[in-house]
Amino acid sequence: MKSTMMDVPLSLNHLLERAGKLFAGNEIVSRLPDKTLRRHSFGEYYRRTRALASALQRLGLKKGDRVATLCWNHHAHLECYFGIPAAGGVMHTLNLRLSPDDIGWIAGNAQDRFLVVDDVLLPLYRQFAQMHRFEKVIVFPFSGAAVPPEFADYEALLEAADPDGFEYAAHDEDDPVAMCYTSGTTGRAKGVAYSHRSTILHTLVASLGDFWGLRGTDVVLPVTPMFHANSWGMPYGAVMMGVKLVFPGPHLHPEDLLDLMQLEPPTLSLGVPTIWMSLIQAYDAAQAADSPHHGRWKLPQGMRSLVGGAAVPEALIRAFDRHGIWILQGWGMTETSPVCTISYPRAELRAATADERYRRAAMAGVPVPLVDLRVRGDDGRDQAWDGKSVGEIQVCGPFITASYHEVPVEADKFTPDGWLRTGDVASVDALGFVKITDRTKDLIKSGGEWISSVDLENAIMAHPAVAEAAVIAIPDEKWSERPLACVVLRPGRTEAADGLDAHLLAHGFAKWQLPERYEFIDAVPRTSTGKFWKMKLRERFPR
Ligand code: ADP
């Protein structure tokens with residue numbers, strides 16, 4: 001039977017039109033390279049975005065062409081988010097923290113036709129320019145300096161364009177709008193393409209009250225890079241709801257973020273755990289009477305903070321809550337748009353103790369609507385949701401990728417019935433809370449029993465002398481594998497292995513689960529998206 005409802009495709013263009021009509025007075029703030037703030041209204045944003053789309057069409061952009069961006073988080077990057085798809089193109093965000101070789105390879109693999117690049121990132125662009133020839137390189141004069149004559153000037157293109165006469169490229173809802181590459185923490189980078197439909201559905205679901213809870217009065221600080229899983233999709237939600245955005249630009253050091261929070265206090269922020277760990281350390285250190293920063297900062301009271309991309313230690317959640325900031329943890333992947341689960345206070349937890357609420361907040365959370373989630377054991381059977389049985393998380397839903405760009409579908413990435421194999425190992429409890437214990441590649445099997453590296457890390461990071469901890473497996477003749485804990489101590493603190501062992505025993509770990517040894521290191525290596533990079537630790541400590 002023909003549908004009884006109107007046949008209207010889901011479209012990002014609708015969100016852009018809506019923002020132009022309804023939210024013209026709301027503000028978008030960007031921090032420039034010189035740290036000054038630049039303000040735009042959504043009205044200007046709307047006109048500039050349509051101007052960009054019109055300019056791209058004039059440059060000859062055809063439907064489905066990839067336009068790469070190599071940009072920090074700022075208003076022009078947001079213009080690309082909507083302007084490129086409006087013209088019929090696919091925005092491909094390049095990760096500026098990758099090596100030039102990797103960026104060049106990825107741009108080639110995606111067959112990117114045009115590039116929009118921040119002027120301050122031209123030195124990086126020049127390092128991979130030989131590897132992939134873009135037909136047009138459009139430079140955004142982020143610093144205000146003149147654009148070198150061999151490139152197109154983003155602002156000049158917008159000025160010469162005709163936003164009023166612009167017409168959206170015809171499309172249907174399954175056409176691609178954006179493309180991200182997996183960051184390749186555990187393997188070669190692969191391209192994932194999102195459609196109008198998947199993006200709209202993801203935006204609606206993630207914005208629900210128990211999750212992001214986006215409100216028109218929100219002020220959102222996206223620290224998560226716009227080149228990392230589309231800043232978790234927040235730019236789309238922000239335009240949908242017309243919320244004020246505060247973009248940090250290239251200034252992501254804790255001191256810079258704290259300064260920005262004083263100027264433009266956010267009600268909602270998002271970033272990976274490592275960012276918030278260093279921020280809270282800088283903040284707490286500034287409370288000491290002899291700190292040069294004493295009295296400089298006040299954390300925004302009542303701010304919600306979305307943290308994900310890696311396990312969020314309970315100690316971090318407690319530390320922020322002491323300052324009136326609640327952390328909402330989410331789990332997902334580039335392949336899943338990315339939000340799949342979010343940890344939020346369910347009705348059943350209304351009477352729960354504070355300890356229980358913290359324990360839940362430190363879990364990956366409950367599957368969001370439209371995402372089906374199962375945990376498959378080694379025997380190929382679904383595990384019970386009993387909070388104990390572990391297996392690989394597999395997911396299925398309308399904003400989860402079914403393929404990778406130009407890569408044949410691999411049997412180890414999808415199940416025969418078409419679910420995505422995430423490579424994450426977890427249990428789920430009766431309330432549907434997912435608890436990630438490891439990535440398949442990080443598992444530690446000792447004497448036939450699994451030891452969760454995430455549990456050990458979280459407990460070690462709860463020790464007052466510890467700033468960071470990452471646990472890896474090392475080979476062992478007798479037990480096959482044993483945990484090795486790499487620990488970064490807080491400045492000025494000392495602690496010996498015995499003290500850490502005693503701390504773990506007091507936290508309920510059995511003797512056989514204790515690390516075989518501790519390595520005290522200066523810093524845990526980070527991936528291009530700011531996560532702990534265990535592969536590097538495994539290379540450094542092979543045994
Ligand atoms: P990469 O796979 O290269 O790290 P992604 O950004 O797509 O790139 O990362 C997705 C992975 O990050 C997940 O498969 C999972 O291992 C990890 N992850 C994301 N969120 C969480 C979380 N809340 N807890 C634990 N791990 C997480």
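## A loop residue with positive phi

K35 sits in the loop between β1 (27–31) and β2 (37–41). Strands here are DSSP runs of E with at least two residues, helices are runs of H or I with at least four, and both are numbered from the N terminus. K35 is not a glycine, yet its phi is positive, at about 75°. Its relative accessibility is 37%, so K35 counts as partly exposed. The classes are buried for under 20% relative accessible area, exposed for over 50%, and partly exposed in between, with a 1.4 Å probe and protein chains only.

S231 also has a positive phi, near 50°, and is a residue other than glycine. It is found in the loop between β10 (219–222) and α8 (234–241). S231 is buried, with a relative accessible area of 0%.

## Basis of the model

This is a predicted model, in which local features need pLDDT of at least 70, side-chain atom pairs count only at pLDDT 80 or more, and totals for chains, interfaces and linings use all residues. Residues are numbered from 1 along each chain as its sequence is written, and side-chain values use heavy atoms, with hydrogens and water left out.

## Overall fold

The chain has 15 helices and 25 strands. Its radius of gyration is 23 Å, close to the 24 Å from the globule rule for 543 residues, so the chain is as compact as a globular protein of that length. The radius is taken over C-alpha atoms, and the rule is 2.2 Å times the number of residues to the power 0.38. Along the principal axes, the C-alpha trace spans about 70 × 65 × 50 Å.

Of the 543 residues, 59% are buried. Among contacts with a separation of 6 or more, 67% join residues 24 or more positions apart. A contact means heavy atoms within 4.5 Å.

## Surface and charge

The accessible surface of the chain is about 22400 Å². Carbon and sulfur atoms hold 52% of that surface. Areas come from the Shrake-Rupley method with a 1.4 Å probe; for residues, only the protein chains shown count as cover.

The chain carries 57 positive and 66 negative charges, and their mean positions are 1 Å apart. Lys and Arg count as positive, Asp and Glu as negative; His and the chain ends are not counted. Each charge is placed at NZ of Lys, CZ of Arg, CG of Asp or CD of Glu.

## Aromatic pairs

The structure holds 14 aromatic pairs. In the F42 and Y45 pair, the ring centres are 6.0 Å apart and the planes stand at 75°, so the pair is edge-to-face. Rings of Phe, Tyr and Trp (its six-membered ring) pair if their centres lie within 6.5 Å; planes under 30 degrees apart count as stacked, over 60 as edge-to-face and the rest as tilted. F42 and Y45 are 3 residues apart in helix α2 (residues 42–58), separated by about one helical turn. Both F42 and Y45 are buried.

Y125 and F134 give a tilted pair, because their ring centres are 6.3 Å apart and their planes lie at 45°. Y125 and F134 are both buried. Ring pairs also link Y125, F128, F134 and F151 into a cluster.

## Buried sites and their neighbours

H75 lies in helix α3 (residues 75–86). At 1% relative accessibility, H75 counts as buried. Leaving out residues up to four places away in sequence, H75 touches I28, S30, R38, H40, Y45, R48, F140 and F247. H75 and R39 are 36 residues apart in sequence, and their C-alpha atoms are 8.9 Å apart.

V375 is placed in strand β17 (residues 372–376). V375 counts as buried, at 1% relative accessibility. With residues up to four places away not counted, V375 touches R381, D382, Q383, V390, G391, E392, A426 and V428. S427 is 52 residues from V375 in sequence and 7.1 Å away in space, C-alpha to C-alpha.

A206 lies in helix α7 (residues 196–206). It has 1% relative accessibility and counts as buried. Its contacts, not counting residues up to four places away in sequence, are F211, W212, G213 and V339. The C-alpha atoms of A206 and F399 are 11 Å apart, across 193 residues of chain.

S337 and P338 are joined by a cis peptide bond, with omega about 10°. P338 is in the loop between β14 (326–332) and β15 (339–342).
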